[in-house]
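Dear colleague,

I am handing over the structure we spoke about, which you will find just below. Please look through it first, and then read on for what was found in it.

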Number of protein chains: 2
Amino acid sequence: MDTTHAEETVSTELTPIWETIETLMSHDDREGLASLLSAVPASDRVHAVFHLSEEDQAALLRMLPAELAADLIEDVPDSHAAELIDALPVREAAEIVSELPSHEQADLLSELDDEDCEAILQCMDAEDAADARDLIGYDSDVAGGLMMKEFVSFPAITLISTVLAELTSHDDDYALYNAQYTYVLSTKTNRLLGVVRLRDLIMAADGATLRDVARKAEWVSVDTPVEDLAERFQATEMRTLPVVNKRRFLLGVVRRDQVNNALAERAEQDHLKSQGIISGEELRSMPVRIRAKHRLSWLTVNIGLNMLAASVIAAFEGTLESVIALAVFLPIVSDMSGCSGNQAVAVSMRELTLGIVKPADALRVWGKEAAVGALNGLALGVLLGAAAWAWKGNPYLGLVVGGALTLNTLIAVSLGGTIPLALKRFGVDPAVASGPVLTTVTDTCGFLLVLGFATLALPLL
Amino acid sequence: MDTTHAEETVSTELTPIWETIETLMSHDDREGLASLLSAVPASDRVHAVFHLSEEDQAALLRMLPAELAADLIEDVPDSHAAELIDALPVREAAEIVSELPSHEQADLLSELDDEDCEAILQCMDAEDAADARDLIGYDSDVAGGLMMKEFVSFPAITLISTVLAELTSHDDDYALYNAQYTYVLSTKTNRLLGVVRLRDLIMAADGATLRDVARKAEWVSVDTPVEDLAERFQATEMRTLPVVNKRRFLLGVVRRDQVNNALAERAEQDHLKSQGIISGEELRSMPVRIRAKHRLSWLTVNIGLNMLAASVIAAFEGTLESVIALAVFLPIVSDMSGCSGNQAVAVSMRELTLGIVKPADALRVWGKEAAVGALNGLALGVLLGAAAWAWKGNPYLGLVVGGALTLNTLIAVSLGGTIPLALKRFGVDPAVASGPVLTTVTDTCGFLLVLGFATLALPLL
């Protein structure tokens with residue numbers, strides 16, 4: 001890092017970076033913007049950009065060189081990037097999109113309306129556009145949706161010396177491809193025949209052709225799901241695998257880190273879903289009305305389930321009237337059972353992801369969780385029971401409340417461990433549904449147990 | 001895949017794999033075990049292994065060739081792997097550990113007691129042991145804890161032809177290193193001087209030395225935190241960065257995918273923590289008592305907070321006695337506010353991870369969340385109010401309950417967005433604490449609002 005950059009970074013300690021950006025924008029100082037944005041670390045850059053209004057963000061993209069604008073677009077989440085690209089004139093949007101690698105072009109363009117997407121593709125280099133069109137057609141969680149079009153391939157009869165000359169002459173282009181592997185195609189049918197590592201090219205004898213040094217290529221089919229890709233990469237030392245169609249034509253390559261990123265992204269989405277953000281990604285830069293609507297769709301289902309569970313309380317109004325103190329314990333029992341159950345849900349979700357359990361193991365999991373639920377239920381029940389006894393001076397109140405919590409914890413924990421497996425078996429997304437299903441059952445049971453026990457013990461309370 | 005393997009895979013469809021493993025083990029059929037376990041896909045292998053008792057798992061490791069045992073060890077989570085290694089005789093443990101790459105050796109050994117760790121190191125090849133000892137000394141979330149010792153380096157005066165001869169002669173060793181880069185050291189001081197890509201070696205003129213073709217190396221310091229490493233990799237096209245100490249001696253290399261994995265792992269841990277699994281990782285294979293204890297530590301804090309919040313209800317016993325129906329609505333209001341608030345927490349946690357918000361943005365986030373909270377609060381409040389009115393035929397009950405939910409949702413959502421930022425600013429882990437802090441506040445406020453409004457409107461109810 002040279003001193004100019006260092007100084008700029010220091011000067012931005014005083015004024016927030018986004019204000020400096022705004023100042024530079026108002027002076028139309030394009031060079032200043034470009035040098036500022038290439039100097040600040042990526043995380044500060046994203047943070048600063050999200051402080052600008054959405055119009056300013058789009059205006060900023062127009063003032064930067066296309067390459068730098070593409071870097072910014074890569075930094076922000078896809079859905080937001082699509083909105084920004086959408087706000088630009090088609091020609092400028094196309095210039096920026098052209099600077100992205102093919103798989104990111106496809107991710108971005110697939111977030112746009114068909115019409116906008118086509119308009120941008122029309123303005124792009126014909127070959128790039130054809131690649132992007134190709135990739136948009138695949139689901140994002142199969143090899144086709146993850147692959148990139150940047151790869152190196154030659155017919156089998158090509159001389160090694162020709163390949164090396166080609167690789168070293170177009171150095172810049174191939175640097176983008178990060179090509180460690182040269183794929184070898186059948187000279188007649190164009191099918192994938194094999195692969196040659198860069199190292200093998202060096203070792204080859206003079207006058208040899210690719211056919212002489214090629215190894216059998218491992219390949220994946222274009223519709224291989226991302227989990228299977230992860231396994232393939234676990235079993236191989238290759239950093240990149242070729243993606244082929246049914247006739248074994250080479251369509252693209254998929255990189256190990258793209259597969260890992262896709263899995264991490266999915267885990268993140270699952271976490272958001274489990275907390276009631278089921279729309280996938282939500283950013284605060286989205287319009288309030290849309291954010292509220294997405295969240296509300298999950299909340300209304302939940303409030304319905306909640307009322308259902310609470311209606312149990314209404315059935316015991318008589319008991320409640322006689323022992324009004326019970327009203328204090330109802331939310332405690334339902335909340336705590338929910339917490340205990342969610343711990344079990346979290347462990348099951350993780351073990352599902354790691355492949356340690358499968359839906360068929362539900363009974364085994366039930367047994368293991370029941371043991372934990374019984375222990376913790378007993379501990380929490382004794383605690384709450386003692387508190388109730390101490391508060392009202394009535395040991396029977398303690399027994400009712402503590403007993404209900406013990407039993408309900410046992411139910412919540414054994415159910416919490418099993419529900420994700422059961423949902424998965426029946427094809428329901430466990431990340432979205434486990435929480436609501438669990439709390440509805442444990443709330444209902446909790447209210448039933450507290451008020452039921454109390455009704456039985458009414459003369460003693 | 002050859003036909004023998006395919007047949008074996010089919011035959012295991014009928015009997016579960018773990019039963020086949022048990023049968024082979026009881027016949028001491030080591031070859032059969034080795035060929036079975038190399039034939040099944042990684043995910044089925046993990047699943048099968050976790051069906052065995054822990055003693056059988058350890059026995060299985062002893063019956064497999066060390067290389068295959070090491071593959072299995074790599075497949076299972078670190079803490080479980082450490083337990084298995086711990087259960088083996090030292091010499092056999094050392095044989096398996098020796099087959100792992102250096103950074104995984106370190107991860108595994110650092111989970112063991114100092115004594116067991118040292119015993120295994122004593123049995124290992126001296127050079128490997130020295131590498132592993134070196135790596136164990138670093139925290140797992142800095143470059144030192146992520147780096148591996150497998151890299152290629154030569155003094156600057158080395159002839160390119162010598163390097164190429166070396167790289168191609170030890171093909172197998174270097175394949176493990178997956179070496180795309182050769183690091184160039186100062187001939188006198190041994191400091192890192194530069195880097196040469198494999199491609200540059202090919203292009204070099206006859207008789208050239210490394211010094212002639214080396215580029216300036218980008219490097220990271222050994223104490224660089226993982227977030228900063230992620231940024232460095234975002235800004236470079238290098239797949240691997242060299243790790244140096246203060247004197248710029250080359251200590252190891254860190255790979256892009258190791259950094260990504262470390263970040264994904266942390267996100268996963270954060271998710272578990274937010275659901276009350278604060279011990280880091282829990283596997284059902286751990287003893288019940290330990291699992292129960294870990295979960296209970298978080299639950300007891302939570303039940304304390306819960307009782308605190310519920311004590312508000314006790315203060316309004318008079319109001320509750322007059323309008324017993326309120327007891328039905330107390331859990332609904334507190335649960336629903338918790339759900340709405342947790343949605344905001346999830347969005348803030350994600351934006352923190354993405355670097356889109358920082359603690360200093362709390363006020364801005366508050367404003368944005370308040371808007372969503374007001375909208376959804378109104379929607380949910382009207383819904384619940386209408387239900388209450390319809391049930392008891394009293395519009396004022398609807399107003400009390402609906403108004404309380406509206407206001408409490410507004411509070412919960414604006415707090416939910418802000419709490420993670422505030423906790424982070426004060427150095428508390430937001431993944432662990434956001435949930436309990438949020439629900440304590442929203443429960444308390446929810447009870448206060450419902451019962452407070454009801455007390456004011458008592459003559460009308």
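Please bear in mind from the start that this is a predicted model. In chain A, buried residues make up 45% of the 461 residues, and of the contacts between residues at least 6 apart in sequence, 71% join residues that are at least 24 apart.

As for its overall build, chain A has 24 helices and 7 strands. Its radius of gyration is 30 Å, which is well over the 23 Å given by the globule rule for 461 residues, so chain A is more spread out than a compact globule. The C-alpha trace of chain A spans about 100 × 60 × 45 Å along its principal axes. Chain A is divided into domain 1 (3–139), domain 2 (152–258) and domain 3 (305–460), and the C-alpha centres of domain 1 and domain 3 of chain A lie 50 Å apart.

The contact between the two chains comes next. Chain A and chain B each bring 86 residues to the contact, and on the side of chain A that touches chain B the largest share, 18 residues, comes from helix 21 (residues 326–354) of chain A. Sorted by class, that side of chain A has 49 nonpolar, 19 polar and 18 charged residues.

Turning to the nonpolar cores, the largest one has 150 residues, of which A:V254 and B:V254 touch the most other members. If neighbours within four places in sequence are left aside, A:V254 is in contact with A:A143, A:L146, A:M147, A:V220, A:L229, A:L241, A:V243 and A:V259. There is also a second, separate core of 112 residues, and A:L330, A:V372, B:L330 and B:A433 are among its members. In soluble globular proteins in general, nonpolar side chains tend to be buried together.

An α-helix has 3.6 residues a turn, so residues three or four places apart point the same way.

Which residues of helix 10 (residues 114–123) of chain A are buried? They are A:C117, A:I120 and A:L121, and, seen down the axis of helix 10 of chain A, they fall within an arc of 100 degrees, so they line one face of the helix. The face turned away from that buried side carries the exposed residues A:E115 and A:Q122, whereas the buried residues of helix 10 pack against helix 8 (90–98), helix 9 (102–109) and helix 11 (126–136) of chain A.

Finally, A:R247 lies in the loop between strand 6 (240–244) and strand 7 (250–255) of chain A. Is A:R247 buried or exposed? With 9 C-beta neighbours inside 10 Å, A:R247 counts as exposed, because a residue with 12 or fewer is placed in that class. A:R247 and A:R191 are 56 residues apart in sequence and 7.4 Å apart in space, taken from C-alpha to C-alpha.

With best wishes

Technical notes
Residues are numbered from 1 along each chain as its sequence is written. Chains are lettered from A and ligands numbered from 1 in the order in which they are written. This is a predicted model: local features need pLDDT of at least 70, side-chain atom pairs count only at pLDDT 80 or more; totals for chains, interfaces and linings use all residues. Domain bounds come from an automatic or database domain assignment. Two residues are in contact if their C-beta atoms, placed from the backbone, lie within 7 Å. Helices (H or I, at least four residues) and strands (E, at least two) are DSSP runs, numbered from the N terminus. Ala, Val, Leu, Ile, Met, Phe, Trp, Tyr, Cys and Pro count as nonpolar, Asp, Glu, Lys and Arg as charged, and the others, Gly among them, as polar. The radius of gyration is taken over C-alpha atoms; the globule rule is 2.2 Å times the number of residues to the power 0.38. A residue is buried if 20 or more other C-beta atoms lie within 10 Å of its own, exposed if 12 or fewer, and partly exposed in between; C-beta atoms are placed from the backbone. The arc is that of the directions from the helix axis to the C-beta atoms. A nonpolar core is a set of buried Ala, Val, Leu, Ile, Met, Phe, Trp, Tyr and Cys residues joined through C-beta atoms within 7 Å.
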